[in-house]
Amino acid sequence: MATKEELIKVGSLEWFYREATPIKSNDKPPVLLLHGLPAQSYSWGGVLPELAEKGFRAIAPDWIGSGFSAKPDKRDFAYTPDAFINAFAGFIKALEIERFSLVAQGFVGSVGIQYALRHPEQIERLAILNAPVSSTAKLPWKIKQLGIPLVGDMMTQDPLLVDRTLEGGSGYRIEDKDLDIYRRPFLKSSDAGRSLLATVQNLQLKQSMAEMEASWGQWTHPTLIVWGMKDPWLPFAQAQSLANSAKNAEIVQLENAGHYPQEHFPGDISDALVPFLRRTVV
């Protein structure tokens, strides 16, 4: 099933997103899939058509500052979790989506989890793939160094940072044809590097994780945790802790996957997501 590439203007910000739509319309809530750093919606390319084939409208945006979405100057966009959350709220409203299931992966993808916890009335189900979810989460050096003044300014202008980070986190080689897509924004404009620098510098991970931990006890929505067990940055203990805190959570372990499981194991991700999204809530 084909995946479309779309652009939508929301206020002063332009969002790029990929969408796969079922052949027949139905009443199933759409599924929004959020990428981590320094990836983009392209990482969901193997999952989107699988979800659409099973009857789900599947949408994966590039975060503001990432991929092919707008890369505003930090004077115009703060690149903080609150800024991303407000921008994401505008994106959802522009698409006229009232309720949806959310799939979030990685650092900055975790901002989507914060959105879900703040707006439970909009969330049908939540799936988490190798994302920071507890106060024990730390920003890995491969990403942290991208936000260091001067050092980060130089590193984020090097398109090869994509290779080093994605392959370092996943533990597998990424094909050149795929790296061409990931590198393209950095080759096109220096704005991509500046936006990545600002995103890393303003992640506010400690505060965000404190907010999550304070909220899990009240979170009752169906929650699926899919965890690449070879993640070098986020240990499985964090996923287990979340499952113990939330009231309606289940875990699927992917023994051979790393930090970006959708990159190399899209079939396993789809196999976990589809029955979870279809399951009747008792």
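Q: Is Arg118 buried, exposed or partly exposed here?
A: In this predicted model, Arg118 has a relative accessible area of 35%, so it counts as partly exposed.

Q: Which residue does Arg118 form a salt bridge with?
A: Its partner is Glu211, and the closest N and O atoms are 2.8 Å apart. The two sit in distant parts of the chain, 93 residues apart: Arg118 is in helix α3 (residues 110-118) and Glu211 in helix α9 (residues 205-215).

Q: And how accessible is Glu211?
A: Glu211 is partly exposed, because its relative accessible area is 22%, and buried would need under 20%. Asp82 also belongs here: salt bridges with shared partners join Asp82, Arg118 and Glu211 into one network.

Q: How many salt bridges are there in the whole structure?
A: A search finds 15. Among them is Glu5 with Arg18, at 3.0 Å from N to O. Glu5 lies in strand β1 and Arg18 in strand β2, so the pair ties together parts 13 residues apart in sequence. Glu5 is exposed at 54%, whereas Arg18 is buried at 7%.

Q: New topic: how many residues of helix α8 are buried?
A: Eight of its 11 residues, so α8 is largely enclosed by the rest of the structure. Leu196, Leu197 and Val200 are among the buried ones.

Q: What do the buried residues of α8 pack against?
A: They pack against α2, α4, α5, α6 and α7.

Q: Last one: which residues form the negative surface patch?
A: Glu50, Glu53, Asp268 and Asp271. Helices α1 and α12 each supply at least two residues of the patch.

How values were computed: Residues numbered from 1 in each chain as written. Predicted model: local features only at pLDDT ≥ 70, side-chain atom pairs only at ≥ 80, totals over all residues. Heavy atoms only, no water. Patch = residues over 30% accessible without salt bridge, like charges linked within 9 Å, V, L, I, M, F, W, Y side chains within 5 Å. Areas by Shrake-Rupley, 256 points an atom, 1.4 Å probe, with all protein chains shown as cover. Salt bridge = Lys/Arg side-chain N within 4 Å of Asp/Glu carboxyl O. Lys, Arg positive; Asp, Glu negative; His and termini not counted. Charge placed at Lys NZ, Arg CZ, Asp CG, Glu CD. Helix = DSSP H or I, 4+ residues; strand = E, 2+ residues; numbered from the N terminus. Buried < 20%, exposed > 50% of the residue type's maximum accessible area, 1.4 Å probe, protein only. Contact = heavy atoms within 4.5 Å.
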